[in-house]
Amino acid sequence: MHRLAPADRPLALLILALAALALLVLVGPVLIVLLTSFTTSQALRFPPPGLTLRWYAALFDPVRSAQIHRAAGNSLLVAFCTAVLATSLATGAALALARARGSWARLAEGAFLAPLVLPGIAFGLASLMFVSWLRQPPSFALLVMGHAMIAAPFALRTVGASAAGLDPALLESSAILGASRWRTFRRVVLPLIMPGVAAGGFLAFISSLDNVPVSLFLSSAETDMLPIRLWGMMESSLDVRVAAASGVLVAVAFLLLLVMDRAVGLVRRMAG
């Protein structure tokens with residue numbers, strides 16, 4: 001094992017301390033929420049005076065938490081539709097950008113990724129103003145489209161990484177053998193990029209599930225979303241079921257992350 005020189009040890013300790021601080025900032029709030037969800041108190045409070053599962057039982061109670069269940073169902077449906085739409089858009093864009101050359105291609109890619117750098121609240125307000133300009137009331141379809149605009153850039157990164165690795169010789173061979181473009185896409189391209197598409201769909205689903213800004217401006221009474229419902233409960237009563245619902249979401253997201261990483265190497269594709 002390589003030993004650090006005495007002169008390098010202060011820098012190594014500094015890097016280690018910064019890494020530990022970053023880990024604490026990232027994981028600390030999650031641990032606090034998880035511990036709070038087991039509290040015996042009647043309101044959100046940390047540290048908890050005692051531990052109990054009563055708030056998880058209340059969360060899954062079909063009568064007491066009917067509104068939460070309805071909002072969760074809406075969020076899951078919107079997230080699923082968003083994942084399908086965003087992944088479809090990202091797949092088309094990734095394949096086009098993988099073959100394109102020149103400055104316009106980089107400009108198009110930057111425009112496609114722009115929602116990642118825009119403040120979420122600004123994008124949500126802009127979406128509401130655009131919908132109002134079109135004189136359209138908030139609806140399920142508009143909510144899905146708004147979520148897809150935010151989620152598509154996440155899918156583009158993973159699909160784009162898979163599309164960039166495509167061998168052009170395979171496409172040429174398919175064309176020489178008489179296959180149409182659609183058949184080439186369905187039988188050659190799609191199977192090769194499917195891991196990236198699946199990873200992109202998962203990221204789009206997760207980003208839609210906890211999207212607050214777009215949901216805040218484009219949702220209606222018929223499309224009550226889980227993040228907005230939990231936010232309202234926290235503002236009005238500090239209901240501990242908010243922490244319990246957050247704990248369920250963290251656990252589900254973590255399990256899905258493990259499954260996707262095992263299936264398609266999600267972490268590696270995100271890093272790449």
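Reader: What does histidine 147 touch, not counting residues up to four places away in sequence?

Author: In this predicted model, histidine 147 touches Val78, Thr82, Ser208, Asn211, Val214, Ser215 and Met225. For each of them, the call rests on heavy atoms within 4.5 Å. Histidine 147 itself is found in helix α6, residues 140-164.

Reader: And why does histidine 147 count as buried?

Author: Buried means under 20% relative accessible area. Histidine 147 has 1% relative accessibility, so it counts as buried. Across the protein, 35% of the 272 residues count as buried.

Reader: Let's talk rings. What makes phenylalanine 38 and tyrosine 56 an aromatic pair, and why is the pair called tilted?

Author: Two checks here. Ring centres have to lie within 6.5 Å, and these two are 5.2 Å apart, so they pair. Then the angle: planes under 30 degrees apart count as stacked and over 60 as edge-to-face, with the rest tilted. The planes of phenylalanine 38 and tyrosine 56 are at 35°, so the pair is tilted.

Reader: Which parts of the chain does that pair tie together?

Author: Phenylalanine 38 lies in the loop between α1 and α2 (54-59), while tyrosine 56 is in helix α2, so the pair ties together parts that are 18 residues apart in sequence.

Reader: Why do phenylalanine 38 and tyrosine 56 get separate accessibility labels?

Author: The cut-off for buried is under 20%. Tyrosine 56, at 14% relative accessibility, therefore counts as buried. Phenylalanine 38 has 28%, which lies between 20% and 50%, so it counts as partly exposed.

Reader: How many aromatic pairs turn up in the whole structure?

Author: The search finds two. Besides the one above, phenylalanine 130 and tryptophan 133 form a tilted pair, with 6.0 Å centre to centre and 35° between the planes. Both sit in helix α5 (residues 120-133), three residues apart, so about one helical turn separates them.

Reader: What makes tryptophan 133 exposed and phenylalanine 130 partly exposed?

Author: Exposed means over 50%. Tryptophan 133 has a relative accessible area of 64%, so it is exposed. Phenylalanine 130, with 48%, is partly exposed.

Reader: How do you know that threonine 52 and phenylalanine 38 come together in space?

Author: They are 14 residues apart in sequence, yet 5.0 Å apart C-alpha to C-alpha. Leaving aside neighbours within four places in sequence, threonine 52 is in contact with Ser37, Phe38, Thr39 and Thr40. Threonine 52 is found in the loop between α1 and α2.

Reader: How do you know that the charged end of arginine 54 sits over the ring of tryptophan 55?

Author: The distance limit is 6 Å from the ring centre, and the charge must also be within 35 degrees of the ring normal. The charged end of arginine 54 is 4.4 Å from the centre of the tryptophan 55 ring, and it does count as sitting over it.

Reader: Last one: what lines the largest pocket, by class?

Author: The lining has 22 nonpolar, two polar and one charged residues. The pocket's volume is about 780 Å³. Val30, Val33, Ser246, Leu249 and Val250 are the closest to its centre among the 25 lining residues. Helix α1 gives the largest share, nine residues.

Definitions and conventions:
Residues numbered from 1 in each chain as written. Predicted model: local features only at pLDDT ≥ 70, side-chain atom pairs only at ≥ 80, totals over all residues. Heavy atoms only, no water. 1 Å grid on protein atoms, 1.4 Å probe; cavity = no way out; pocket = protein on both sides within 12 Å on 5 of 7 lines; lining within 4 Å. Points joined across faces, edges and corners; volume = space filled by probe spheres on them. Helix = DSSP H or I, 4+ residues; strand = E, 2+ residues; numbered from the N terminus. Nonpolar A, V, L, I, M, F, W, Y, C, P; charged D, E, K, R; others polar. Buried < 20%, exposed > 50% of the residue type's maximum accessible area, 1.4 Å probe, protein only.
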